Amino acid sequence: MENLNFNELNLSDAMKKALDFMGFEEATPIQSKAIPVVMAGHDVIGQAQTGTGKTCAFGIPAVEMIDTKHQGVQVLVLCPTRELAIQVSEEFRNLCKYKKGIKSLAIYGGQSIDRQIMALKGKPQIIIGTPGRIMDHMRRHTLKFQNLKMAVLDEADEMLNMGFREDIDTIFSQIPEERQTMLFSATMPKGILDIAELYMNHPEHVVTLQKEVTIDTIDQYYIEVRENSKLELLCRLIDSKNIKLGIIFCNTKWKVDELCTSLQARGYSAEALHGDMKQRERDRVMNKFRKGQVELLIATDVAARGIDVNDVEAVFNYDIPTDTEYYVHRIGRTGRAGKKGVSYSFVFGRDIYKLKDIERYTKSRISRTKPPTVSSIEAVRMQSATEEVMAALAAGGFSKYTEAIERILEESDDITTLDIAAALFKMKFSELDSRSYEESELDNDFTLNKRDKFKDVVKYRGEGSHQKGRGGYGSDKNRGRDRRRDSGRGKDGAGRDGRSRSQSRKKPNN
Ligand SMILES: Nc1ncnc2c1ncn2[C@@H]1O[C@H](COP(=O)(O)OP(=O)(O)OP(=O)(O)O)[C@@H](O)[C@H]1O
Ligand SMILES: [Mg+2]
């Protein structure tokens, strides 16, 4: 099906103006297919790949159906994480920009409840929130849903999974049965679909997946690497691909903190995000990452679903996710809205079998690639240094320095302009010399899951004579990167909505 023009979707002028303001030219496939079905009043289960505009697929019709003559909350959107609730409410705020009298509000844990109660007195028609805090307000009668017309579960399969199921039951038992229910996600496992129908009334399935579950704008790679070489490998990849904005996923909060500290010590601009941090810290980190003020976000799966940050170039699975669905969502943080992205999954030993399962599930190919060599990284750095100098030459304005150069040339007949230029190059880019990489087993061609080659590696490691001891990867002093040591940790134990997620669900990772 063709992508529809927004003019073909029967939208109000205020909505069309808002979409124009947001810079959207035409509807995406899921929007083209789902919006007419939702506007016709049907319940919808929508499945489309990551980064293809599902938020607006339910957001546009939700805002359009608000009747400002009626009091009370008319639309409720439930999200699995606070960061996602904040982001979705921003998208709604944009959609409501030219709609007079329509207000939306984000309600999530970790924020002052009194402030939320105050904001609720402003009578927002649209509530976007996380289940725990929503239930809290329902108990306090500060949030009433008797006039609710539409309920949306964003990341529906996650919301109907173990950890959230009870909460959803509780909330849905207290909202009107006469309502429109919307479920959206990039993944929709069969078991969840069966559960989904319990909450819905003859839902229409709107699916835009082609063959693959993952989006084809992401080049997917895997690299075989031992646990103790992962850090070195990560640094080499970031440097050789010149990654300016990337997300690195680990399976535990502990590992996130540890990796974040290691990266900061090596001079990278990195911050951690996980559920043990105070909400203020989480917000601070997300805001900095959104603005590009921090280059690397090290996160648990709390950042895996729905998070939309412009221009994330690469996603790293430092650990292979335990669920196949989570692989889809994690790598889906890049390659969004038609942009290109790349993902690297680090596998060790039996992980390779998990990866094969993921390939089968996603019907996509994850290609094996090798660790970048030290010489390839140096070539990349020399190239970007050259580009910087070329840009300075093109910009001009350096004539006042030529006198100084002439004076140096007069000093000795042996010195040429080329020597002077090379010396200046060395001064400016001295880190090219001093940044060294650990010679490691990464430089050996080995395949970990093959026994014979594995023995070679053990032999190599045992010999030790190959280790040149070049002083480690990049001394702190010489790395030209932002060096922040604040790992942004908090200890309130609030995974989501004031509760540790590990208490409420089996998945230990937030
Ligand atoms: N019609 C459109 N034209 C251009 N950009 C769009 C359009 N609709 C949405 N976008 C943008 O595309 C990006 C991805 O959208 P969104 O976050 O809704 O994706 P999603 O399908 O929900 O992904 P995920 O499965 O990861 O949650 C956002 O930055 C959004 O603003
Ligand atoms: Mg989404």
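This is a predicted model: local features need pLDDT of at least 70, side-chain atom pairs count only at pLDDT 80 or more; totals for chains, interfaces and linings use all residues.
Local features require pLDDT of at least 70 and side-chain atom pairs count only at pLDDT 80 or more, while totals for chains, interfaces and linings use all residues. Residues are numbered from 1 along each chain as its sequence is written, chains are lettered from A and ligands numbered from 1 in the order in which they are written, and side-chain values use heavy atoms, without hydrogens and water.

Seven strands form an open, parallel sheet in the order 3-4-2-5-6-1-7; strands pair if DSSP finds at least two bridges between them. Strands (E, at least two residues) and helices (H or I, at least four) are DSSP runs, numbered from the N terminus. Strand 3 and strand 7 are the edge strands, each pairing on one side only. Strand 1 is joined to strand 6 by four bridges, and Gly46 has Phe184 as its bridge partner in strand 6.

| Helix | Strands touched | Angle |
|---|---|---|
| Helix 2 (residues 29-39) | strands 1, 5, 6 and 7 | about 165° with strand 7 |

In helix 9 (residues 190-198), Ile192, Leu193, Ile195 and Ala196 are buried, that is, under 20% relative accessible area, with exposed meaning over 50% and partly exposed in between (1.4 Å probe, protein chains only). These buried residues pack against strands 1, 6 and 7 and helices 7 and 8. The opposite face carries the exposed Lys190 and Leu198.

Methods. Contact means heavy atoms within 4.5 Å. Axes are lines fitted to C-alpha atoms, for helices over the stretch in contact, and angles run from 0 to 180 degrees between N-to-C directions.
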